[in-house]
Amino acid sequence: MTELEKTDAKLSQPASEKMIYLSEYKKPDYQLDSVELRFELHETRTRVYSRLAFRRAPGAKTQAPLKLDGSHLELQVLKLNGETLAPDRYALDDDQLVIENPGQSFDLEVETQINPQANTALEGLYLSSGMFCTQCEAQGFRRITYFPDRPDVMSRYTVTVVADKQKYPILLSNGNKLEAGELDNGRHWVKWQDPSLKPSYLFALVAGDLACQEDSFTTMSGREVKLQLFTEAENIHKCDHALMSLKQAMKWDEDTYGREYELDIYMIVAVNDFNMGAMENKGLNVFNASCVLASPETATDQDYYRIQSIIAHEYFHNWSGNRVTCRDWFQLSLKEGFTVFRDQDFSADLNSPAVQRIDDVNVLRAHQFAEDSGPMAHPIRPDHYIEISNFYTVTVYNKGAEVVRMLCHILGREGFRKGTDLYFSRHDGQAVTTDDFVKAMEDANDVELAQFRNWYSQAGTPELVVDENYDADARTYSLTIRQYCPPTPGQVDKKPFHIPLAIGLLGSNGKELLSTQENTNIAKSEHMLALTKPEQHWSFSGVEEKPMLSLGRGFSAPVKMSLSHSDEALAFMFAHDTDEFNRWDAGQQLAIKIMLKRIDDYSAGEALPLEPMFIEAYRSTLNNRTLDKALVAQALSLPSESYLADQCEIVDVDAIHGVRQFMRQQLAEALADDWLRVYEENNVKIAYHFNAQDMAQRSLKNLCLSYLMELDSLDQNKAEHRQRCLRQFQQGDNMTDVLAALSIFNQHAMPERQQVLDAFYNKWQHDRQVVEKWFAIQAASSLAGALKRVRALMQHPAFSIKNPNLARSLIGRFCAANSVNFHLSDGSGYRFLAEQVLALDELNPQIAARLLQSLSRWRRFDPARQILMREQLERVAGHKGLSKDVYEIASRSLEG
């Protein structure tokens, strides 16, 4: 038996964890009319008192048992209609409390004790830097009290929080503050009531010694909403941008979707220890501090941009997620895909639409396409899982957003708005499904979208093969497109997708050609095609010359396209395409074609020439003063190593890294004068402002500096650009420029490298968010010995593996963004990851499972690395006491 056969034999044994299937969904037997909670907060012995008013759901069996979820709880008291239940009246295990035949309508009182200080998983109620906070999505509420912890059980909550007043003067929960008071023993209390129906995953509680910055927003109906942002006192000066972003989001949602906020108060709390970016709890958003706090000297342009987007994302959830929520967790993309689409549109409207689209597609291509082609492939609406936390993925979020975007393309903006209006009005206060969302689109527009639903149920990235023909005599252009979706785990044969494809035809002068699609009488410069069959044909008349096809404009569908464009054609489109996204993409595709050729040459030990045509294409773009500078910076950034790896049948890590570095050096030398001139033109002293124009200028300047530093790296006797980079590091008045200089030094073996790293830490060692950047920069260094440095940094006094941000910054960054060092041929990077995953699994299974995914696509690599990666996956999968989070990733990776 081969080693692979042995692995398959091990994995054919029954799984130790229960699989949950969409097909087995059943409505809850009991509805919850009201929830009253009282928290007596204590660091290690918090008491939670709950009073739950239940009634049997219509259609439920008369003798249906009441099943409540619970985990890591100590049950103190259980009363049914005021009567204490003896142990023989209920069944209790590690995950559930069951009461047989509780009655038609009844009150249940539950008292539990929990230990927030010991809760390193950061689910439920836990302590973070001396404050109590909660994270209940997806299934954290069951770590607070026994409860029907599922999204289709919605109720109204009244919550009283009691705590030591000196330690925890601020006590927060969802909704509106009703009353407050003080007790004789130095404790105080606050009562909150949320008038909205919500599921348990949207519950929130925060208690701490926090400073507050306030603002207000006047809604379109004239109501004034109080806005509050809570954080530690030393960070209160970092709140302005988040509050401005919140007001921008509130106004945008009114203008774009007609959605108004309904409560009197909207609160945000910054938390240092948090598994996610942020959480949209009704009226009380809890944010990872790195996603909400910003000042010019501590946050980069990308931080500002990300904060603006995430603030908007969580606010938009008030309607797309809170007021209309998910029936079950298989429907996660109902709220997340729709809301990502909304926040992407918001960011595009406020900043550069082309750059926003490029950023969105880069994430999709680098991460989601990879997920679609690996063992963890799943539809945006999965049909089974072991642990739902493993499905907070780029597929559910980002591909889910693309599916919503395609609906918008198919229906048009006006039709899409009609559909969302109907969806919100029809389902306000309900827990629904993705089918309900699509049905609202159908009903509002009187269309049929049955085939479109394949996007929700089928995994994989469709691949398109394109053939074209031009008849000069008839002045007709014809297009034939075939679609195919490769097999994915559990789905071999796929039905055709409904794919909207925006196309344009370019003339020899680079301008758009008018054409008339067959069976229409309107000449247009752009057409939206509907590809619904395995193979489809279109014809266009009135085409004056042989056109250049601009296909999938604006990336109108999440597909891979195979066109027969020559290098010269791609260079032409890189210079002339009137669609800014396709213009950028033509440059990327040209670079990929050339780099794949050079990777073959590198592997064969041959010389690595760089085509003059490619250099001139870069020179022309760099010197084009009519283009958006942010677009120029994107256009002149070579495809990432991870995206290049996805284009290779067998991933040669060293060749990919070597070729990309070679091309950067060649471009640096060939365009040296141009890089320097553009750098100096954009290196102007102005006060920092977060706006599209200034961000574009900084991004282009810092890209030029990165290329210039390649010149000094090639000749260590030169110091001109090193000094330029050092001056920017020392004199920069904003974190964008300072961190850019530091990151550039970090990739070069120069004497200044350690000097600037030490100086940066010494200056910012007391700022948590900046220290996270310091760890992440070093983890991503492609210089030799990176793993040794990462291990040493794990012993640094500022590092704690218990903090998710630090674990991601150092361990996660090394494994996901440092291919050449993570994939060392001796397997040391894989052993390191397995060690950290097993250590983290004891503390925080969610973070451990996410880190392990760096090994999931082991079959893409050469045979020697396959063996080494598989060994570590087997090591993890065979570990006793493994969490179901990590077990699911390890087992699926080995099976895939």
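Predicted model: local features only at pLDDT ≥ 70, side-chain atom pairs only at ≥ 80, totals over all residues.
User: Which value does phi of His72 take, and is His72 buried or exposed?

Analyst: Phi of His72 is near 60 degrees, again a positive value in a residue other than glycine. His72 belongs to the loop between strand 4 (66-69) and strand 5 (74-80), and it is exposed, its relative accessible area being 57%.

User: Is the peptide bond from Glu137 to Ala138 cis or trans?

Analyst: That bond, running from Glu137 to Ala138, is cis, with omega near 0 degrees. Ala138 lies in the loop between strand 11 (131-135) and strand 12 (154-164).

User: How should I read a helix, and which residues of helix 14 are buried?

Analyst: The general idea is that an α-helix has 3.6 residues a turn, so residues three or four places apart point the same way. In this structure, the buried residues of helix 14 include Val653, Ile656, His657, Val659, Phe662, Met663 and Leu667. The buried residues of this helix pack against several others, among them helix 10 (580-603), helix 11 (612-622) and helix 16 (692-714).

User: How far apart are the end C-alpha atoms of helix 14?

Analyst: They are 26 Å apart, which agrees with the span of 26 Å that the 18 residues of helix 14 (residues 653-670) should have at 1.5 Å a residue.

User: What does Thr46 touch, leaving aside residues up to four places away in sequence?

Analyst: Thr46, which lies in strand 3 (residues 46-56), touches Glu40, Leu41, Thr112, Gln113, Ile114, Pro116, Leu125 and Phe132. Thr46 counts as buried, at 0% relative accessibility.

User: How many disulfides does a search of the whole structure find?

Analyst: The search finds zero disulfides. Cys291 is in none, and the nearest cysteine sulfur, that of Cys239, is 14 Å away; Cys291 is also buried, with a relative accessible area of 3%.

User: How many cavities of 30 Å³ or more does the structure hold, and what lines the largest cavity?

Analyst: There are two cavities of 30 Å³ or more, and the largest has a volume of about 50 Å³. Its lining consists of Phe574, Arg583, Trp584, Thr621, Leu627, Leu631, Val632 and Ala635, which divide into six nonpolar residues, one polar and one charged. Helix 12 gives the most to this lining, with three residues.

User: Which helix gives the most to the lining of the second largest cavity?

Analyst: Helix 4 does, with three residues, while helix 4 (332-350), helix 6 (394-427) and helix 7 (434-445) each supply at least two. This second largest cavity has a volume of about 40 Å³, and its lining residues, including Ser333, Phe338, Val404 and Tyr456, divide into six nonpolar, three polar and no charged.

Technical notes:
Residues numbered from 1 in each chain as written. Heavy atoms only, no water. Helix = DSSP H or I, 4+ residues; strand = E, 2+ residues; numbered from the N terminus. Expected span 1.5 Å × (residues − 1). Buried < 20%, exposed > 50% of the residue type's maximum accessible area, 1.4 Å probe, protein only. Contact = heavy atoms within 4.5 Å. Disulfide = S-S within 2.5 Å. 1 Å grid on protein atoms, 1.4 Å probe; cavity = no way out; pocket = protein on both sides within 12 Å on 5 of 7 lines; lining within 4 Å. Points joined across faces, edges and corners; volume = space filled by probe spheres on them. Nonpolar A, V, L, I, M, F, W, Y, C, P; charged D, E, K, R; others polar.
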